[in-house]
Amino acid sequence: MNKRFFTLVLTLAICFSLSAPALAVGGFRDVDQNAWYLKYLDTAVDSGLINGRGDGRFAPNDDITGSEAVKLAACIGQLLTEGSVSLTNGSPWYASYMEYAVEEGILDAPLGQYALSAPITRAELMNMLCRAIPRGQRTQINSIPDGAIPDLYPSTPYRDNIYTLYRMGIVTGSDKRGSCLPQRQISRAEVATLVARIVDKDLRVAFQLEVS
């Protein structure tokens, strides 16, 4: 009887282990071990710049809001400039990050209430992240001439800073032509990828665009 009971318990344990979701850094239950962004997520989480949504979730497909983007850009700017992050939540929670971002030139002016709560676009986030990187650290590894990215037009907002991130190997585009999709929203998985490439130069990508 004891042997049969032990066998049953062991079988159930194996079944549960096979059905349980794979865990990434921090024990995120909604991130599969084969996720394309996993190596970037590990680095982003280790840096302290990215965390979960609570309840063991990373929510990789969620958007990020303007206020979340301001906090991220401010913390990246301080990390790259000073070597550590000492910024903390204020009142409202994003106030200290907003103040730092404006003082350091990451933003020209504080975001309005709508922009703070609305999902941020890819172009808006890329602009903030580029401006958070000190100019002396914007080493370019890719030769991408102006006009090479098919959906970045001369009138596209933040075009120059977006090109800088491509040339640094931080942004690679959504296809072989390097399409940016600047007005679309950006997922947390994509944000983690950008953060990882900013803080770890070894993760930056040297590439050439496919010409149409």
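Predicted model: local features only at pLDDT ≥ 70, side-chain atom pairs only at ≥ 80, totals over all residues.
**Entry 1: Tyr 158**

I started at Tyr 158, which is partly exposed because its relative accessible area is 37%. My cut-offs: buried is under 20% relative accessible area, exposed is over 50%, and partly exposed is in between (1.4 Å probe, protein chains only). Tyr 158 has a positive phi of about 65° although it is not a glycine. I found Tyr 158 in the loop between helix H6 (122-132) and helix H7 (159-168). Helices here are DSSP runs of H or I with at least four residues, strands are runs of E with at least two, and both are numbered from the N terminus.

Residues are numbered from 1 along each chain as its sequence is written, and side-chain values use heavy atoms, with hydrogens and water left out.

Leu 181 has one of about 55° and is not a glycine either. Leu 181 sits in the loop between H7 and H8, and at 24% relative accessibility it counts as partly exposed. Just after H2, Gly 48 takes a positive phi of about 85°.

Then I checked omega: the peptide bond from Ser 91 to Pro 92 is cis, with omega near -5°. Pro 92 belongs to the loop between H3 and H4.

**Entry 2: overall make-up**

I counted eight helices and zero strands, which read along the sequence as α-α-α-α-α-α-α-α. Of the 212 residues, 43% count as buried. For contacts (heavy atoms within 4.5 Å), I took residues at least 6 apart in sequence, and 66% of those contacts join residues at least 24 apart.

**Entry 3: H3 against H4**

How do H3 and H4 pack? Helix H3 (residues 66-82) and helix H4 (residues 95-103) meet at an angle of about 60°, with their axes 8 Å apart. The axes are lines fitted to C-alpha atoms over the stretch in contact, and angles run from 0 to 180 degrees between N-to-C directions. H3 and H4 are therefore oblique to each other; under 35 degrees would be roughly parallel, over 145 roughly antiparallel, 65 to 115 roughly perpendicular, and the rest is oblique. On the H3 side the contact includes Val 70, Ala 74 and Gln 78, and on the H4 side it includes Tyr 97 and Met 98.

**Entry 4: aromatics**

I got four aromatic pairs. The ring centres of Trp 93 and Tyr 94 are 5.7 Å apart with planes at 85°, so this pair is edge-to-face. The rule I used takes rings of Phe, Tyr and Trp (its six-membered ring) with centres within 6.5 Å; planes under 30 degrees apart are stacked, over 60 edge-to-face, the rest tilted. Trp 93, Tyr 94 and Tyr 97 form one aromatic cluster. Trp 93 is partly exposed at 33% relative accessibility, whereas Tyr 94 is buried at 15%.

I listed the buried residues of helix H2 (residues 38-46): Leu 38, Tyr 40, Leu 41, Thr 43, Ala 44 and Val 45. Their cover includes helix H8 (188-199).

Last stop was Val 211, in the segment after H8. Val 211 is exposed, with a relative accessible area of 75%. Val 211 and Ile 149 are 62 residues apart in sequence and 9.4 Å apart in space, C-alpha to C-alpha.
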